[in-house]
Amino acid sequence: MLKLNNIEVTYLNVIRVIHGVSMIVPDGQIVALLGGNGAGKSTTLKAISGLLHVEVGKVTDGSIYWDETRIDEKGAEDIGRLGIVQALEGRRIFGHLTAEENLLVGAFNRSNRGQVRDDMDMVYHYFPRLKDLRKNTAGYLSGGEQQMVVIGRAMMAAPKMMMLDEPSLGLAPMLVEEIYEIIKRFNREQKTSVLIVEQNVRVALSIADYGYVLENGRVVLDGSADFLKNNEDVKEFYMGLSATGAKKNYRELKHYKRRKRWL
Amino acid sequence: MADLLQYTITGITVGMVYSLIAMGFVLIWKSSGVANLALGQLVLLFSWFTYGMLAQTGLPVWLGLVVVVAFALLLGWIIERFVLRPLIAQPILSLIAVTLGMAYFIEGLCTFIWPWGVDVLPRLFPQDPIRIGTAVVSQEYLWAAGVSLLLFGALSLYFKYSRMGIAMRATADDQMAVQACGIPVTRIFSRSWMFACVMAAVGGILMSSIGGISYGLVETGMKSFSVVILGGLDSFLGAIIAGPIIGLAENLAGGYLTAYTWPGVKEIIPFIIIIIVMFIKPYGLFGESRIERI
């Protein structure tokens, strides 16, 4: 179980972007972290995975626990070895490597070759399309295929928790559905907990068990996926639906903006 | 005509040694984005160190060479661990400046330990010259080419199939994503410095068994640097191909142009070629291999 206790994150010692975020990712569950641009979603993920120092950022207050281990002061490799793996935003594949080599990089820290083989087959089982493309240079794959490589690479680390940063970015809606379906199946079958950062609130809540809404570095709302899906504010501000649940009708648009209840 | 064949063979073989040293540069540049300006000085240091082991300490050749390689690995590790790692996340200029500082330090160290400055290595390769067609070539050149080819082969297998090799190539593509996979990039940096030092050491041994040890070896490093620029900073293939081009150019120019121009023409011809190539292909012959999907 992952637990964030009131963490603050500061970049370059002066720019504080997370002002006290607390959240829990229980074992085997899917948790969605939602919010607009600049809300601090990706920063929160990097705080967990230990990648902040690359951007000269630091967890300046609060603590992060993985089960009983405190991880907010550990480096990225140590955190990776604990079974937490992050797929970065924007399909960061290794363009000059083949798809299969990309997957092998994901399994870098594992020494049991037989198990790595088995997991490779498992990834091909979840993403059958990758099996045909495994000898292809990853840089020339399509966007959706690249996203599959990135998620598959995270799966190859045999993670206890997988963190995905905007897997839907720049993909066609059908592909987004397909990829989310696979994430959900992976979560159910492998009992891996998943933390998803997403702007596409509707699709994220369709598979998540629980969600947190982040704004300006603070958690403004949290609750079960069903609760969030039915919350008027979430509908209005994140799903583009009006109070009645129908698609917004711009002819009847009010000239004043609805106030967010959580402010 | 005999001359032409002669110049071609020596040019290509010496060029292959340049390629070898240049690959060490490319390796570090690709994995960590640091330009290693101490290349020539490392070549000099390793040549002197080999001299120290073989001529001064009098170790048997095989043991001496093993010690040299071990020293190269150790020095590579030390350089990464104590010179470059403290500078991670600092401006790139500091990283480059520190390699320049290291270059002068190493050169000074060599002058300090071996103040006479010029010497020859004990013979490592058989002496008898070999006739190829009309040309007579000393065996050292052919050995140099053979050893370089062997190392090229070994390295490409390593990068293609080993777990660490694949990870090193991945680091060249995206450092941050490699860290997100839980791979310690510092270990990859240190591995690439160790390899680069071994390549500089082997290159140094080959060059100094051809031409003796002198401060001219620093120029060999400079030549390798120009190989890198010609081939493209981030391309192994570029380094392998550009090496013989530079070697050929300087040998042919040395052979045919010296009579008409001035004695040092051999030294500057490679740079003239580079300037011309840079006008046409600013990223080098094989540089800028960024993959863009359109």
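This note goes through a predicted model with chains A and B, point by point.

1. Confidence. The structure is a predicted model, not an experimental one. Its scores are ipTM 0.83 and pTM 0.83. For chain B, the average pLDDT is 88, and 97% of the residues reach at least 70.

2. Where the chains meet. Contact between the chains involves 26 residues of chain A and 18 residues of chain B. On the chain A side, helix H2 (76-81), strand E6 (84-87) and helix H3 (99-106) are the elements that supply two or more residues. Sorted by class, that side of chain A consists of 13 nonpolar, eight polar and five charged residues.

3. The four-stranded sheet of chain A. Chain A has an open sheet of four strands, ordered E2-E1-E4-E5, with antiparallel pairing. Which strands stand at its edges? They are strand E2 (15-25) and strand E5 (69-70) of chain A. Each has a single partner strand, so one side of each has no neighbour in the sheet.

4. The E4 and E5 pair. Strand E4 (residues 57-66) of chain A is joined to E5(A) by two bridges, in the antiparallel sense. Across this pair, A:Tyr65 lies opposite A:Arg70 of E5(A). The loop between E4 and E5 of chain A contains A:Asp67. The phi of A:Asp67 is positive, about 50 degrees, although A:Asp67 is not a glycine. Is A:Asp67 buried or exposed? A:Asp67 has 12 C-beta neighbours inside 10 Å, so A:Asp67 counts as exposed.

5. A:Arg91 sits in the loop between E6 and H3 of chain A. The cut-off for a buried residue is 20 or more other C-beta atoms within 10 Å. A:Arg91 has 24 within that distance, and therefore is buried.

6. Helix H1 of chain A. How many of the nine residues of helix H1 (residues 41-49) of chain A are buried? The count is nine of nine, and the helix is described as mostly covered. Among the buried residues are A:Lys41 and A:Lys46, along with A:Leu45, A:Ala47 and A:Ile48. After H1(A) comes A:Gly50, with a positive phi near 80 degrees.

7. The six-stranded sheet of chain A. Another open sheet in chain A has six strands in the order E6-E7-E8-E3-E9-E10, and its pairing is mixed. The edge strands are E6 and strand E10 (218-224) of chain A; each has a single partner strand, so one side of each is left without a neighbour in the sheet. From one strand to the next, the twist averages 15 degrees. Within this sheet, strand E7 (residues 161-165) and strand E8 (residues 193-198) of chain A are paired in the parallel sense over five bridges.

8. H3 against H6 in chain A. The axes of H3(A) and helix H6 (residues 143-155) of chain A come within 7 Å, and they cross at roughly 35 degrees. The crossing is right-handed. H3(A) contributes A:Ala99, A:Asn102, A:Leu103, A:Val105 and A:Gly106 to the contact, while H6(A) contributes A:Val149, A:Gly152, A:Arg153 and A:Ala154. These residues fall into five nonpolar, three polar and one charged. H3(A) is also among the elements on the side of chain A that touches chain B.

9. H2 against H8 in chain B. In chain B, helix H2 (residues 39-56) and helix H8 (residues 185-211) have axes that come within 8 Å and cross at roughly 65 degrees. This crossing, too, is right-handed. Residues of H2(B) in the contact include B:Leu42, B:Val43 and B:Phe46, and those of H8(B) include B:Ala200, B:Gly203, B:Gly204 and B:Met207. The class count for this contact is nine nonpolar, five polar and no charged residues.

Definitions and conventions: Residues are numbered from 1 along each chain as its sequence is written. Chains are lettered from A and ligands numbered from 1 in the order in which they are written. This is a predicted model: local features need pLDDT of at least 70, side-chain atom pairs count only at pLDDT 80 or more; totals for chains, interfaces and linings use all residues. pLDDT is the predictor's confidence in each residue, from 0 to 100. Two residues are in contact if their C-beta atoms, placed from the backbone, lie within 7 Å. Ala, Val, Leu, Ile, Met, Phe, Trp, Tyr, Cys and Pro count as nonpolar, Asp, Glu, Lys and Arg as charged, and the others, Gly among them, as polar. Two strands pair if DSSP finds at least two bridges between them. Axes are lines fitted to C-alpha atoms, for helices over the stretch in contact, and angles run from 0 to 180 degrees between N-to-C directions. A crossing is left-handed if the near helix is turned anticlockwise from the far one by less than a right angle, and right-handed if clockwise.
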